[in-house]
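Keep the structure open while reading.

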Amino acid sequence: MAQAYACSFAGLCAGAIPTLLAGLPRDGRLLDVGCGTGALVQAAREAGHDAVGVEPDAEMAALASAALGADVVVGGLPDLPLADDGFDAVTASFVLNHVDDPRAGARELARVAAPGGTVRATIWGATPPPQAAMWSGLLDAAGATRSPSPRLPADRDFERSSHGLAGILGEAGLAVTHAGTHGWRWRVPADDLWEGLTSVGNFGALWREQTDDVRARLRAAYDALDAPWRDGPDLVFDVECVVAEARVPRS
């Protein structure tokens, strides 16, 4: 699954890297929580940061370690195996929308950030992104079954918006300095995206519950996709995420 993610949705998430790194001071330590393939850590290092990553999935951590030429710590929110106040900048790219307790996760981001340090996070908003809308249309056309997607209990969930993300960072004791959205165009080879759609997360879960006949219809419909998704051998999506920045109080 790590390899399938690396060739598909990792490229999607990479679109937020410039925003997550823009303007950060380069004379301190940076931690990327849920570093995935290590792309943000690599970009940070190339920009002059002393950057390290931590990743909860052992297979993904091994993939990132190989790419970075350095060990990636295996661990995840809300219990990072790291000391308090150790990093001048902490990033969490599409992490708080996937954990069992987002507020506990936000508190952990604050814990490992140094006083005066910066915490930046991205999530997907409440509106389904275009690649999900495309896949949903294919499922409907193929007559696919749909088990309910897992949801957090109401007392743990939060509004998937700039206001909601800022809210859980503020509840963690951080001073929010910015909350908004960031958009970009994601271009991905069709065969690579297919690997992700049939393997990763809720996409893969839906694929695995289908019969062979439905799977065959899904693949045929996918191969026949045209505008607005198809551009030659690639699929292209205009995507948008929620992004927020906060500071750790100095006292």
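## Surroundings of Leu-30

Leu-30 has contacts well beyond its own stretch of chain. Setting aside neighbours within four places in sequence, Leu-30 touches Leu-21, Leu-24, Leu-40, Ala-44, Asp-50, Ala-51, Val-52, Phe-87, Ala-89 and Thr-91. This is a predicted model.

Leu-30 sits in strand S1, residues 29-33. Its relative accessible area is 1%. Buried means under 20%, so Leu-30 counts as buried. Arg-45 is 15 residues from Leu-30 along the chain, and their C-alpha atoms are separated by 9.3 Å.

## Helix H7: length and faces

Helix H7 covers residues 130-142.

H7 has a buried side. Its buried residues are Gln-131, Met-134, Trp-135, Leu-138, Leu-139 and Ala-142. They cover an arc of only 135 degrees around the axis, so they lie on the same side of H7. The background is simple: an α-helix has 3.6 residues a turn, so residues three or four places apart point the same way. Asp-140 and Ala-141 are exposed, on the face of H7 turned away from the buried side. Just after H7 comes Gly-143, with a positive phi of about 70 degrees.

## What H7 packs against

Which elements does the buried side of H7 pack against? The partners are helix H2 (9-13), strand S6 (175-189), H9, H10, helix H11 (212-223) and strand S8 (234-247).

Take H10. The axes of H7 and H10 are 12 Å apart, at an angle of about 10 degrees. That makes H7 roughly parallel to H10, because angles under 35 degrees count as such. From H7, Gln-131, Ala-132, Trp-135 and Leu-139 take part; from H10, Phe-203, Leu-206 and Trp-207 meet them. By class, this contact has six nonpolar residues, one polar and no charged ones.

## H9 against H10

H10 (residues 201-208) also meets H9 (residues 190-197). Their axes come within 7 Å and cross at roughly 75 degrees. H9 is therefore roughly perpendicular to H10.

The residues in contact are Trp-194, Gly-196 and Leu-197 in H9, and Phe-203, Gly-204 and Trp-207 in H10. Four of the residues in this contact are nonpolar, two are polar and none is charged.

## Helix H8

Helix H8 spans residues 162-171. Its buried residues are Gly-164, Leu-165, Ala-166, Ile-168 and Leu-169. They pack against helix H6 (102-112), strand S5 (113-123), S6 and S8. S6 and S8 are also among the partners of the buried residues of H7. Gly-173 follows H8 and has a positive phi, near 90 degrees.

## Gly-232

Is Gly-232 buried or exposed? Gly-232 is exposed, with a relative accessible area of 51%. Gly-232 lies in the loop between strand S7 (230-231) and S8. Gly-164 is 68 residues from Gly-232 along the chain, and their C-alpha atoms are separated by 38 Å.

Methods: Residues numbered from 1 in each chain as written. Predicted model: local features only at pLDDT ≥ 70, side-chain atom pairs only at ≥ 80, totals over all residues. Heavy atoms only, no water. Axes fitted to C-alpha atoms, helices over the stretch in contact; angles between N-to-C directions. Helix = DSSP H or I, 4+ residues; strand = E, 2+ residues; numbered from the N terminus. Parallel < 35°, antiparallel > 145°, perpendicular 65-115°, else oblique. Contact = heavy atoms within 4.5 Å. Nonpolar A, V, L, I, M, F, W, Y, C, P; charged D, E, K, R; others polar. Expected span 1.5 Å × (residues − 1). Buried < 20%, exposed > 50% of the residue type's maximum accessible area, 1.4 Å probe, protein only. Arc of directions from axis to C-beta.
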